[in-house]
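Q: Can you walk me through this structure? I'd like to start with how its strands pair up.

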Amino acid sequence: TDYTTGDATVTGNTLNSTILVNGASNRAAGTLNTTPFSSTTAGQVSVDYAPAGAGVAAIGGVTIGNAQIAAGVDSSAQVTDSNIALVNTMTVPGSSGAPVTVTGNTANADDTVNRGDNRFVAAEGGAVSYTGSVGVVNGQANLGGSTTATASDTAIGAELDGTAYTGGLSVSGNTLGASAQGNDAAAVDANGNLVRGNVISFGQGINVTGPTGTANLAMSFGSITGTTATVGTADASLALLSSQGNQGGSITGAIQDSRIGADVASLNGGTLTANADHSTVSAGGNNAINLISADSAAFDASVAAGNQQANDSTAISAAATDVTVGVQTGHVSATSTATVADSSIDASISGNSAQTIVDVSGSNFTAGPASPVSADGGIGSDVSLDAGTAGIAVGNLQANFGAGIVDSASVENANLGVLFDYSRTNYGGVEGNSRNDTIATVTGNALSATAGGNSASTAINASGTVGTLTASLVSGQYDANDIQAT
């Protein structure tokens, strides 16, 4: 395009490359009618990953189950040799003052193997009681495949060549991303509302009575030795168990040879701005949100919630290489400004990440007998956790292991800021000259590489006026991998 007047806007464009190998959304949601629900079936959920496969089971008045297995699946999402940009090459060198805006554009590669959403949600709709059990189980296994998300040779921005620019050019609010994930059962929106997860929820005012007075929760990883299965069991009136695992293969995110920003041949009193532009690459093994909640006048039920995650001989990596976010110009022939603010280049990895929360209340509150509780965990030939017997039993078990495995996040040869290149052809001033009164501002920006093996938030929030409660909470994390961030 060859122009010197008017204005140009590049806004709200999206380039996406998305792969989802297995996806499931299982929900039982609505209002309880005027006839109270009643069932005497005890709740139990379980998972069993044997060398030959995997299985889940759920028993209860209402059950929701998800079993996803990807065996030896290689997948790759790519955005490559792509541009969301204004390119203006003047055939006759001269001056241009036309304003240019590039904002709200996205180029993203996303590769996820297993994604699940499993929810029981009951709202008060005339009935005031629920008598029975609920079982929710999530089982996800990624076995031996290569999972890759790549953005390469891709640009978002504007390039003005053959001109001494006198106008205002803004590149703001743009995103360049690549994300690779093994197993996913977690997402919230910008307001913190749950979008995806494993949930048992009773709305305000519903009285909950369960057929089982005590809860049991036990989980273990036997695959450290390669001889036994990975198993987990939760027994309770309200029973929830999420089990996710990657075995072998690799999970890789990469952004390379790409940029967000503006490139102008020469400035002649013009303004260049890059603001809130982000290049983000990530890779993760397992991610889950597990929630059991009730806000009752009367609560008399046992509760078990377990989270189980493992990466066995799975290499996880995210790299941002030769990535630029910012503005660039050649000669400056009049007082000009160049600003890069609140922008970032980020690479991050996570082996296992989870939130497991039980939040229940009732004026009359009973969860288990008023007796001692025992809980234990250990690392030997396997990694195991037993939350014991209680009214409320909550547990988290996470592990990363495998001989010689390195999990890494890296940012290399990255540029974030303002570049003046006086070796370029000058279209607006004296060759080789720069002005001391030109203002360059670089502020509020971040270059980051972060790496984590296991991360968990595990909690019990229980309240009542009268009644009894026994509770057990156990969290175990094991990491034998080399975790690096550079």
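Q: Which residue in strand 36 is the bridge partner of Ala393?
A: Ser472 is the partner of Ala393. This is a predicted model: local features need pLDDT of at least 70, side-chain atom pairs count only at pLDDT 80 or more, and totals for chains, interfaces and linings use all residues. Residues are numbered from 1 along each chain as its sequence is written, and side-chain values use heavy atoms, leaving out hydrogens and water.

Q: How many bridges pair strand 31 with strand 36?
A: Nine, in the parallel sense. Strand 31 covers residues 392-401. Two strands pair if DSSP finds at least two bridges between them. Strands are DSSP runs of E, at least two residues, numbered from the N terminus.

Q: What holds paired strands together in general?
A: Backbone hydrogen bonds, with the strands either parallel or antiparallel.

Q: What is the strand order in this sheet?
A: The order is 6-11-21-25-31-36. It is an open sheet of six strands with parallel pairing. Strand 6 (62-71) and strand 36 (471-479) are the edges, each pairing on one side only.

Q: New topic. How many salt bridges are there in the whole structure?
A: Four. A salt bridge is a side-chain nitrogen of Lys or Arg within 4 Å of a carboxyl oxygen of Asp or Glu. One of them joins Asp117 and Arg27, with the closest N and O atoms 2.8 Å apart.

Q: Why does that pair tie together separate parts?
A: Asp117 lies in strand 9 (residues 106-124) and Arg27 in strand 2 (residues 14-32), so the pair ties together parts that are 90 residues apart in sequence.

Q: Is Asp117 buried or exposed?
A: Buried, at 4% relative accessible area. Arg27 is exposed, at 52%. Buried means under 20% relative accessible area, exposed over 50%, and partly exposed in between (1.4 Å probe, protein chains only).

Q: And which residue does Arg196 bridge to?
A: Asp184, with the closest N and O atoms 2.8 Å apart. Both Arg196 and Asp184 are buried. Asp184 also forms a salt bridge with Arg115, at 3.2 Å between the closest N and O atoms.

Q: Last one, pockets. What classes of residue line the second largest pocket?
A: Seven nonpolar, six polar and two charged. Ala, Val, Leu, Ile, Met, Phe, Trp, Tyr, Cys and Pro count as nonpolar, Asp, Glu, Lys and Arg as charged, and the others, Gly among them, as polar.

Notes: Helices (H or I, at least four residues) and strands (E, at least two) are DSSP runs, numbered from the N terminus.
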